[in-house]
Amino acid sequence: MKLSCWNVNGLRAVGRKGFAQWLDQSGSDCCLLQETKALPSDLSADLTEVSDYRLRLHPAARRGYSGVGIYYRREPDEWIEGLGVKDFDDEGRALFARYDDLLIGSLYFPNSQAEGKRIDYRLGFGQALIEFCEQKRSEGLRPVLGGDYNVSHQEIDLARPKENVKNPGFLPAEREWMTDFLGRGYLDTWRRQHPDEIGYSWWSYRAGARARNVGWRLDYFCVDEALADRVVSTSIEPETEGSDHCPVWIELSGT
């Protein structure tokens, strides 16, 4: 199973930049989207009818804000919208598709914002996700969690760590959450396969940051450790433009 994940920073906007052609040629079994910023009724047919894909959205209550989605070829056994916590679900930040024992999630973590104005909300979302996933694990499911985690976990994960220690995405509390999360039996699959490699998935639009590769790795596929032997490959696709983020990938053996 090949899974892609992309914060598109507006599905309608990326749709005008060749997204449908990219998806059609991608080979994804599921494509997980973040920051879709759209209701189903907002989308034209060229985005709702892409080759043999269908689209499920979990939009925010606030129009044009946040939102996640999944393009899929095969209907899952079950859909789950949200984490069951209204404060987070109203912002459209989690959507899950279950295929047998695989629970595939598209996640959009809150940004802590300048001076950590939303750090409590961001950490609360992380705790709610942990509790949700632990419940699903107890039911025999194996989470596969792709999304914009809005954190660079280690210094290797961003170009200028020393200059960003007080900025959202590299705050100590965010990084500590990620350490705790992984310590609960989840794998950062790309870092596991590429322990010393520099790879970024987000670049500021300012000062030609992308052209100079002054970036951050904010987008991850994290999986239950029980799936470690099924992770065939992981990759980051910086050459694909259309958003300030780029797609990330994982391939799992089996269906």
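The largest cavity has a volume of about 60 Å³. A cavity here is a set of points, on a 1 Å grid over the protein atoms alone, where a 1.4 Å probe fits but cannot get out; lining residues have an atom within 4 Å of a point. Grid points are joined across faces, edges and corners, and the volume is the space filled by probe spheres set on the points.

This is a predicted model, in which local features need pLDDT of at least 70 and side-chain atom pairs pLDDT 80 or more, while totals for chains, interfaces and linings use all residues. Residues are numbered from 1 along each chain as its sequence is written, and side-chain values use heavy atoms, without hydrogens and water.

**Stop 1: the cavities.** Select the lining of the largest cavity, including Asp 188, Trp 190, Tyr 220 and Trp 249. Helix H7 (189–193), S12, strand S13 (231–236) and strand S14 (248–252) each give at least two residues to this lining. Helices (H or I, at least four residues) and strands (E, at least two) are DSSP runs, numbered from the N terminus. Next, select the lining of the second largest cavity, with Lys 37, Pro 59 and Tyr 65 among its residues. The volume of this second cavity is about 50 Å³.

**Stop 2: the pocket.** A pocket is an open set of grid points with protein on both sides within 12 Å along at least five of seven lines. The largest pocket has a volume of about 770 Å³. Of its 33 lining residues, select those closest to its centre: Asn 111, Pro 168, Trp 202, Trp 216 and Leu 218.

**Stop 3: the sheet.** Switch to a cartoon view. Six strands form an open, mixed sheet in the order S5-S6-S7-S8-S12-S9. Strand S5 (78–81) and strand S9 (186–188) are the edges, each pairing on one side only. Two strands pair if DSSP finds at least two bridges between them. Now select 142–148 and 219–224: these are strands S8 and S12, antiparallel over five bridges. Val 144 has Val 223 in S12 as its bridge partner.

**Stop 4: the cysteines.** Which cysteine sulfur is closest to that of Cys 30? Cys 31 holds it, 8.9 Å away, which is too far for a bond. A disulfide is a pair of cysteine sulfur atoms within 2.5 Å, and by this rule the count is zero. Cys 222 is in no disulfide either, the nearest cysteine sulfur being that of Cys 133, 10 Å away.
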